[in-house]
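Subject: Handing over the structure

Hi,

Here is the structure I promised to pass on. Have a look first, and then read on for what turned up in it.

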Amino acid sequence: AGSARDGGGGLIESTHSTVNFIGGLIGGDRNPDGTIKDGNYADNNGAGLAIKGNSTVNFIDTVIRGNFAEDSGGGVNIEGPSTVTFTNGGVIDNFSIGEHGGGLRIADATVSFDGTSISNNFAGDRIYSANPGNLVGGAMHVTNAAKVALVDVIMNNNQAEGRGGAIFADRNSVIDFSSSTPGTKISEISGNTTIDGGTSLGGGAVYLTHAGTTLNLTDATVSGNRSADDAGAIFIQSASIANLTRVEVSGNEAQNQGGGIFLESDQSLLNLDTVEISGNATRVSNGGGIQTNGTVTGNNILIQGNRTGFDLENGQVASGSNDRVGGGIYIAGAEASFVATNVVIADNQTYGRGGGVFISDGKLDLTNFVIRNNETNSDGNVNRGRGGGVYSESIGTVFLENGEISGNRAEGHGGGL
């Protein structure tokens, strides 16, 4: 085990260095009871390693485990314009206490991962922070126009005190997350969480913010993530962008808005191509599958089996769940829109209004669509349980072309629309 006052408890790399790590462990061994012994410590950034300046570092089959940083980058802190590659190996069980990136902090650098496990890392501790809701990126914090590519990566069971249980990305950074073989969905982001207790600001799996920050997610699964606030899986804030291609977003849960995906701003953008959003839920608020205040466009989309007012963990209706809206989709605000072709919206349920879709001021525009077997349930309150398939209020706009609306059910008015 090593320790350092200014970063790099295990090793510090500075300008113009070139280093190759082949195999080995940076950090601590695992005890029989699962705890870690003899990890590295830094009272600043990068307890395992701090990589700075114009360095080139390659990790092959290296495990970075059980390191502890007082500030950012519990496992590794990487600052640009460094170039770093990880092949296989893992970033596991690292902890940042006072700032961001339990596993890694990546700033103004180019970093790639191939076949790497990034798991069980933790960002933030409310006991030691005056504002724990801002402690972000359980697996990684990506910032300052960094470019990160992840191929065949498993990113699971990471936690953040504040935002982005797995990934927090900001300041015009770009993340490409994919599988090496199209259609295989080897890559996954699963079982990540933001912590209960009133400090979380959302994004159980991913949190994106600032103009130009972009997530390109291809041939991947995003499942079983939990947010103590908004966005069980993906939170898209301000003018950030998420592009999803051949992706499954399933079984995620938010305490509040957007069980699967939440677009917070009228400038937020989500593009969907061959995407399934299924089995997600919100406990006490709206948009079981998606809630958008911004723009959603797509082709070949399945929105199925999402729910509002439902507790996935316990498999039962959540307390205080009356008058939640948009079992599948909630479109909120004059600038909000959902425009798509070849869409199925089926088997969604809300304890309120709009079993399939709820629109308030925004626009729903579907071509070649099926809206089927969605329902509202409001314990017999006919004023709340309206719009089994679609509910639109205020100055909401609905364009539907070449489709089917069937088998939907409302406790109140409008079984279909």
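The structure holds nine salt bridges, where a salt bridge is a side-chain nitrogen of Lys or Arg within 4 Å of a carboxyl oxygen of Asp or Glu. As background, side chains of opposite charge can pair when their charged atoms come close.

Before the details, some housekeeping: this is a predicted model, with local features needing pLDDT of at least 70, side-chain atom pairs counting only at pLDDT 80 or more, and totals for chains, interfaces and linings using all residues. Residues are numbered from 1 along each chain as its sequence is written, and side-chain values use heavy atoms, leaving out hydrogens and water.

One of the salt bridges joins Arg105 to Glu79, with 3.7 Å between the closest N and O atoms. This pair links distant parts of the chain, 26 residues apart: Arg105 sits in strand S16 (residues 104–107) and Glu79 in strand S12 (residues 76–79). Strands here are DSSP runs of E, at least two residues, numbered from the N terminus. Arg105 counts as buried because its relative accessibility is 16%, while Glu79, at 26%, is partly exposed. For those words, buried means under 20% relative accessible area, exposed over 50%, and partly exposed in between (1.4 Å probe, protein chains only).

Next up is Arg283 with Glu253, where the closest N and O atoms are 2.9 Å apart. Again the pair links distant parts of the chain, 30 residues apart, with Arg283 in the loop between strand S36 (281–282) and strand S37 (290–292), and Glu253 in strand S33 (residues 253–254). Glu253 has a relative accessible area of 3%, so it is buried. Both residues also belong to a network of salt bridges that links Arg226, Glu253, Arg283, Asp311 and Glu313.

Then there is Glu393, which forms a salt bridge with Arg353 at 3.3 Å between the closest N and O atoms. Glu393 lies in strand S50 (residues 390–393) and Arg353 in strand S46 (residues 352–353), so this pair links distant parts of the chain, 40 residues apart. Glu393 is partly exposed at 24%, whereas Arg353 counts as buried at 14%.

Finally, which residues does Glu264 touch, not counting residues up to four places away in sequence? They are Phe235, Ile236, Gln237, Ser238 and Asn293, with contact meaning heavy atoms within 4.5 Å. Glu264 lies in the loop between strand S34 (261–263) and strand S35 (269–278), and its 34% relative accessibility makes it partly exposed.

Cheers

Key
Helix = DSSP H or I, 4+ residues; strand = E, 2+ residues; numbered from the N terminus.
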